[in-house]
Amino acid sequence: MMRLELVKRPQHSVLFSAISPLIALVLTMIAGAIMFSILGKSPIDALYYYFIDPLRETWSLHELAIKAAPLILIAVGLSVCFLSNNWNIGAEGQFIAGAIAGSILPVVFPDFQNWLVLPLMLAMGLAGGAAYAAVPAFLKARFNTNEILTSLMLVYVAQLFLDWIVRGPWRDPGGMNFPETRDFHVFAVLPELMPSAGRANWGIVFAVLAAVILWFVLRKTRKGFEIRVLGQSPRAGRFAGFSSSRMVMMAFLISGGLAGLAGISEVAGAIGQLQPSISPGYGFTAIIVAFLGRLNPLGIVAAGFVLALSYLGGEAAQISLGLSDKAARAFQGMLLFFVLGCDTLIHYRIRLAGRAVRGGEAARNA
Amino acid sequence: MLESVLITIATAATPLLIAAIGELVVERSGVLNLGVEGMMVMGAVTGFGVAITTGSPWLGVFAAILVGAAFALLFGFLTLSLVTNQVATGLALTLLGLGVSGMIGEAFIGLPGVKMAPLVIPVLSDLPVIGRFLFAQAPLFYISILLVIGVSYFLFSTRAGLTLRSVGDNHDSAHALGIRVIAVRYAAVVFGGACAGLAGAYLSLVYTPQWIENMTAGRGWIALALVVFASWRPWRVLAGAYLFGAVSIGQLHAQVIGVSVPSQFLSALPYLATIAVLVLISRNRRLTMVNTPACLGRPFVPAR
């Protein structure tokens, strides 16, 4: 009988650090092709609509940027959390909290119209997301409560709250009873970058900026070192005088703030009003983006575009091949599996060992 | 009145109980599988699909258990054989389960399901108040109670249970004693997946015999919270599941009666209650320290 055996590498493999996400992508495509064949579609057509078709036209590239922006913003923040060993998986809720907080101005004070509105909205979105993330962070730092479960529970709470507010107090009085707020006025809309070419707005600029800044902080500053030390060895971090409860707060505030910024950018940009559902699961997909980007902010930018492509490709394949748009979600889940599996190659050599080999070793050791 | 309330609480509590008791065994072996939600939703869609195709709810249950176990095996392969991060892999399992079940289930939306008939035990079910609550339930209800008894006995009264707990508390010592740590963990993980699948089948065959996308609605996560709440003890999982069942049924009744609170706020109650309970339990640091399996979530690579 053959079995897998892991042999720890003396040093982590530079080669596999670079190519493991690519191997994972290739494996996902192979698995996807098999899945599509089972569904009775030509795998080549399906992969074409998923990964090539959305890249062929300019307007479609703009849509790609619209989808990538929230994914990158959220994932960059999550990388700080995951590197410091804080498991914030409630980014979807913080995204919604930011969207609601940022929408207060255009919805409740629609007559307040000048150039100050948009910067204030973005700041309030950031603050709203950060405040919502502060809840699980505080509970973890103060009471040692499991942040995975609390942050996730708050996602459901945020979704229900959003549902209530757009059907209740914030419903557009002139909106034919549709569950949505009034349209944002012109000062409250995130401007498009190149209106003649497509819909992409400033969200993608925020996302790339956030990635570059956090890349610098993580790689080049003492704070970044602290984050990584506390993540890899909390004990060593304590000896160095780093406070892990302050780190919990910081990591959650950064990732919650960025998720909130993503939320308000989405409603002020692509959507233009609040609706009962404002995210196709960006907060969860961003977890995949963070790992595919190997928790490196610059890698995350690239990974964000890959996952954005899977959303667009899902739509294209649905229109052209009649494939369920749910297939995209299955695809994304598979991708994370392969990414995590391939990351093993960075730290371990894998070999297949038969019983005979083990017996030989035992003899040698004896 | 009391009788019918008790019965509805049991229907809300049973899926939580089944999923949580499985995860308890997994965590006792030192593995944290956050994929309960994904395995549960896969169980729900498989159970529903097989039951309406074959007409037999039992075949549905059986298939759901198999699919839950298969998903768990996938998780086991990654976390145990390839030592990937357990938290991230569990999340991957949940995302994959939600995606795949949505895809498979698209064909089932709106179809009438097959409801599992209750198993009425004669004479005993005629007892006042508790008769119908304890003795006229769906067969899976009895299985959930048997699971608690069985797991409790296994963990604390058998040698194999002791082995499993030792692997969860100190995998290095267990390994040194010649216990096959990885094999024990594989078994625990697969058992947990089978339970999650069964819990999913309960949802789509007993609780609401139909398929709705994401119909688990966070129950897998609440089951995970229940294990912490119960400080890894089977009988406390039972108590916790019925407490949560009572909260979710309470809010449903309040919505029906038409309490002047928005329905969304009432729907949020089970989630808020989960947070409150987690805080209350984890505040007591000593209690959690004593009961948490010491190797929970820690990877194990045998040194040679």
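## Contacts and the overall picture

Two residues are in contact if their C-beta atoms, placed from the backbone, lie within 7 Å. With that in hand, we can start with chain B: residues 24 or more positions apart account for 79% of its contacts with a separation of 6 or more. In chain A, the corresponding share is 77%. Please keep in mind as you read that this is a predicted model.

## Chain A at a glance

Chain A holds 14 helices and two strands. Its C-alpha atoms fill a box of roughly 85 × 60 × 35 Å along the principal axes. How does its radius of gyration fit with its 366 residues? A compact globule with that number of residues would have a value near 21 Å, and chain A has 23 Å, which agrees. Of the 366 residues, 52% count as buried.

## Chain B at a glance

Chain B comes to 13 helices and two strands. Its radius of gyration is 19 Å, close to the 19 Å that the globule rule gives for 304 residues, so chain B is as compact as a globular protein of that length. The box filled by its C-alpha atoms is roughly 60 × 45 × 40 Å, again taken along the principal axes. Of the 304 residues in this chain, 52% count as buried.

One helix to look for here is α3 of chain B, which covers residues 57-81. Its 25 residues reach 35 Å from the first C-alpha to the last, close to the 36 Å expected at 1.5 Å a residue. After α3(B) comes B:V83, with a positive phi near 40°.

## Where the chains meet

How many residues of each chain take part in the contact between A and B? On the chain A side there are 40, in contact with 40 residues of chain B. Several elements of chain A each supply at least two residues to this side: β1 (2-8), α5 (117-143), α6 (147-167), α11 (282-292) and α13 (326-347). The one that gives the most is α13(A), with 13 residues. By type, the chain A side divides into 25 nonpolar, ten polar and five charged residues.

## The nonpolar core

In soluble globular proteins, nonpolar side chains tend to be buried together. Here, the largest nonpolar core has 226 residues. The members that touch the most others are A:I72, A:L73, A:I74, A:V289, B:A20, B:L198 and B:L226. Helix α9 of chain B (residues 181-207) gives the most to this core, with 17 residues.

Leaving aside residues up to four places away in sequence, B:L226 touches B:L16, B:A20, B:V237, B:G240, B:A241 and B:F244. One of these partners, B:A20, is itself among the core members that touch the most others.

## A bent helix and a neighbour

Now turn to helix α4 of chain A, residues 91-108. At 1.5 Å a residue, its 18 residues should span 26 Å, and its end C-alpha atoms are 25 Å apart, which agrees. Where does α4(A) bend? The bend, of about 35°, is at A:G102, and a proline, A:P106, follows within four residues. Because 16 of its 18 residues are buried, α4(A) is largely enclosed by the rest of the structure.

Not counting residues up to four places away in sequence, A:L122 touches A:G102, A:L261 and A:I264. Is A:L122 buried or exposed? With 20 other C-beta atoms within 10 Å, A:L122 is buried, since 20 or more is the cut-off. A:L122 and A:W215 are 93 residues apart in sequence and 22 Å apart in space, C-alpha to C-alpha.

## Two loop residues with positive phi

Most residues other than glycine have a negative phi. Against that background, A:N177 has a phi near 65°, a positive value in a residue other than glycine. A:N177 sits in the loop between α6 and α7 (203-220) of chain A. With 9 C-beta neighbours inside 10 Å, A:N177 counts as exposed.

A:R294 has a positive phi too, of about 50°, although it is not a glycine. This residue lies in the loop between α11 and α12 (297-321) of chain A. With 18 C-beta neighbours inside 10 Å, A:R294 counts as partly exposed.

Methods: Residues are numbered from 1 along each chain as its sequence is written. Chains are lettered from A and ligands numbered from 1 in the order in which they are written. This is a predicted model: local features need pLDDT of at least 70, side-chain atom pairs count only at pLDDT 80 or more; totals for chains, interfaces and linings use all residues. A nonpolar core is a set of buried Ala, Val, Leu, Ile, Met, Phe, Trp, Tyr and Cys residues joined through C-beta atoms within 7 Å. A residue is buried if 20 or more other C-beta atoms lie within 10 Å of its own, exposed if 12 or fewer, and partly exposed in between; C-beta atoms are placed from the backbone. The expected span of a helix is 1.5 Å times one less than its number of residues. The radius of gyration is taken over C-alpha atoms; the globule rule is 2.2 Å times the number of residues to the power 0.38. The bend at a residue is the angle between axes fitted to the seven residues ending there and the seven starting there. Ala, Val, Leu, Ile, Met, Phe, Trp, Tyr, Cys and Pro count as nonpolar, Asp, Glu, Lys and Arg as charged, and the others, Gly among them, as polar.
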